[in-house]
Amino acid sequence: MAALSAELQDLVRVKQQLVEIQEQCRERGLVHSAKWASELAFALDPLPLSKLPSPPELTEEDAQDLDALCLAKSYFDLKEYDRAAYFLRGCRSQKAYFLYMYSRYLSGEKKKDDETVDSLGPLEKGQVRNEALRELRVELSKKHSAGELDGFALYLYGVVLRKLDLLKEAVDIFVAATHALPLHWGAWLELCNLITNIEMLKSLSLPDCWVRDFFMAHMYTELQMIKEALQKYQSLMEAGFAKSTYIISQIAVAYHNIRDIDQALDLFNELREQDPFRIENMDTFSNLLYVRSMKPELSYLAHNLVEIDKYRVETCCVIGNYYSLRSQHEKAALYFQRALKLNPRCLGAWTLMGHEYMEMKNTSAAIQAYRHAIEVNKRDYRAWYGLGQTYEILKMPFYSLYYYRKAHQLRPNDSRMLVALGECYEKLSQQVEAKKCYWRAYSVGDVERMALLKLAGLAEQRRETSARRVCVLSLSQEQLEHAEVSTALRYLGQYYFKNKLYDEASLCAQRCCDYNDAREEGKALLRQISAVREQGEPSSTDLSLPSVFNPLSSNTTPVRRVSPLDLSSVTP
C-alpha cells in the first residue's frame, strides 16, 4: 500500500477539518472547493454533537465588517460582483478583504466572457483581456510584500499571476498558499495545472498534510503515471474513503487514460448508481461509450443529462459525442461550440471539435481548435496528436513529426504515438528511426496491432532477412482484425514462397482466398506455386513475384480518432 500521511489514521480529526474548510470556502464564494470538501466529508462517518467543530472566534475587525460582509455576500451570490465590491471598500478584516478582491476579479472575468462568447476565433479571443488583473496584481503584491495575505488571499494572488502568464511566480505563490492553508483544495488544483513534469513535482516543497495525498494521486493521473495513481487512490479508499464518489470518478478517469475500457465503464456505471444526478466526468463516460460504439447507452446518457441540466458544458460534450457517433459531424461541432460558449477554457470541447473538423475535412479549423486546446493545457497529448495528423494529411511531414514527438513525450508508452512517429520517419526516408519506433511500439503493447505489419514492410524494403523472419513468426501468432489478417496472410505467403516453403505458402494463399481484398493475390500465388512445382522447384529468385504486400502506401493517410481525455485538469 502506498505510504499515506499519518494524519489519515485519525479520521475524526480529518472529518472535523473538512467541516471547517467547507464552511470557510462557502463564506468566501469558493464553491468548487467547498463542494470537494463536502463530498469527502460525506464519505466519512457522521460526527457526534460533541465532536462537531465550534465556530471560529470573531475579531474586532470581523465584528466591524459583519454587516457589510453579509450584504456584499448576498450580492456576490447573485453574481452582482461590482455591487459586492462597492460595499466592501474600506473593510479591514481578512475575510472581507478577500471577498472584495475576489469580487473585482470575477467582475473582470465576467466582462471578458461576455465579450468572448460570440468571438471564439483565435484573433478575437487573444484580444479580450480581464482589465482588472493588473490593478489586482499591484495591490496584492504590496500586501504580499508586507506579509498581510492569508492562505485564501495568496490563492487569489496566484490565480491573478497565472492569468497574466507569470507562471513561475504563480507556482511559488501557490506553494506558499498550500503551506498557509493546506486544506484548501483550490490552491492544490491550481498548482497541479502548472506542473509540467515529474522532476518539477519532486522539486516543490509541499506541506506534509493528508490533502497532499489527494494532490499526488491527482498529479500522477495528470502526468500519465497511472499505476502510481491507482495505488494512491486504492490506499486512500482503504484508509476510510471507500464511499467517496470523488475517488471512484478519479479511478475511472485513470482507467480511461490507459484505455482499460471495461474497468472504466464498470466504475462509471457504479458512480451513476451512487450519484444518478452527477454531471461531472460524464463527458469522459461518453468518450468510452463512443469508443465502444454503444449508441443506445450514449443516447440514454445524453437524454438523461439534458433533463438534469441542458446548459452544462459536460451535457453539450455528451450530445456532441452522440451526434459524432451517428456521423452527423456538423451537429456534433455545433454542440462543442455551445460548450465553449459556456466555458471557453473547456479542454475536452476544443479537442473534440478538432476531431469533428477533421472528419469534415476542414483542416484549417481543426488546426485552430487543437491549438486552442494546447493553450488551455499543454499536457493534452490528444491535441498534439491531432495536429500531427492534420499536417500528415496536408503532406507536411516535418511539421507532423514535431507534433507527434510532443505527443510521444506526453505518452511515451502509447503505441499509437510510436507508430505515427514511425510513419513520419519513413516518409522522411529515415528508415533506421522508423524501425526503432515500430519495435518500441510492439514492445510496449501494440494497441492497433499495426507495428509488426509496418516493421515487416520496412524490413522487406531494406531486404533484412532476420528482421522479416522475426516479424513473420510474430505475425503468425497475432490475433489480428479482419483487414489485418488478410494483409498478414499476403505477406506471409510471399515470404514463405521466396524461402521455398511451398506448403506453408500454399496454406497462406488458400486462406487469402477467404478475404475479398486478398482473393486475387491468393489465386495468383497458388498458380505460381503450382508452376514452380511443375518445373522442379527452381530458385525463387528467378521468379517474378506479384507485389502483394504494400502496407505503406503514400496515397492514403488514415485518420485515427484518439479517445478523448477527462476534464478534471481544468480548474473550476
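Axes are lines fitted to C-alpha atoms, for helices over the stretch in contact, and the angle between them runs from 0 to 180 degrees between N-to-C directions. The exercises below concern a predicted model.

**Exercise 1.** Determine how helix H1 (residues 11–27) is oriented against helix H2 (residues 31–43), and which residues form the contact.

*Solution.* 
1. The axes of H1 and H2 come within 8 Å and cross at roughly 155 degrees.
2. Angles over 145 degrees count as roughly antiparallel, so H1 is roughly antiparallel to H2.
3. The crossing of H1 past H2 is left-handed.
4. From H1, Lys 15, Leu 18, Ile 21, Gln 22, Cys 25 and Arg 26 meet Ser 33, Ala 34, Ala 37, Ser 38, Leu 40 and Ala 41 of H2.
5. Sorted by class, this contact of H1 with H2 has seven nonpolar, three polar and two charged residues.

**Exercise 2.** Carry out the analysis for helix H22 (residues 381–393) and helix H24 (residues 415–427).

*Solution.* 
1. The axes of H22 and H24 come within 12 Å, crossing at roughly 30 degrees.
2. Angles under 35 degrees count as roughly parallel, so H22 is roughly parallel to H24.
3. H22 passes H24 in a left-handed crossing.
4. Tyr 381, Tyr 385 and Glu 392 of H22 meet Arg 416, Met 417, Ala 420, Glu 423 and Lys 427 of H24.
5. Four nonpolar, no polar and four charged residues make up the contact of H22 with H24.

Note on methods
Residues are numbered from 1 along each chain as its sequence is written. This is a predicted model: local features need pLDDT of at least 70, side-chain atom pairs count only at pLDDT 80 or more; totals for chains, interfaces and linings use all residues. Side-chain values use heavy atoms; hydrogens and water are left out. Helices (H or I, at least four residues) and strands (E, at least two) are DSSP runs, numbered from the N terminus. Angles under 35 degrees count as roughly parallel, over 145 as roughly antiparallel, 65 to 115 as roughly perpendicular and the rest as oblique. A crossing is left-handed if the near helix is turned anticlockwise from the far one by less than a right angle, and right-handed if clockwise. Contact means heavy atoms within 4.5 Å. Ala, Val, Leu, Ile, Met, Phe, Trp, Tyr, Cys and Pro count as nonpolar, Asp, Glu, Lys and Arg as charged, and the others, Gly among them, as polar.
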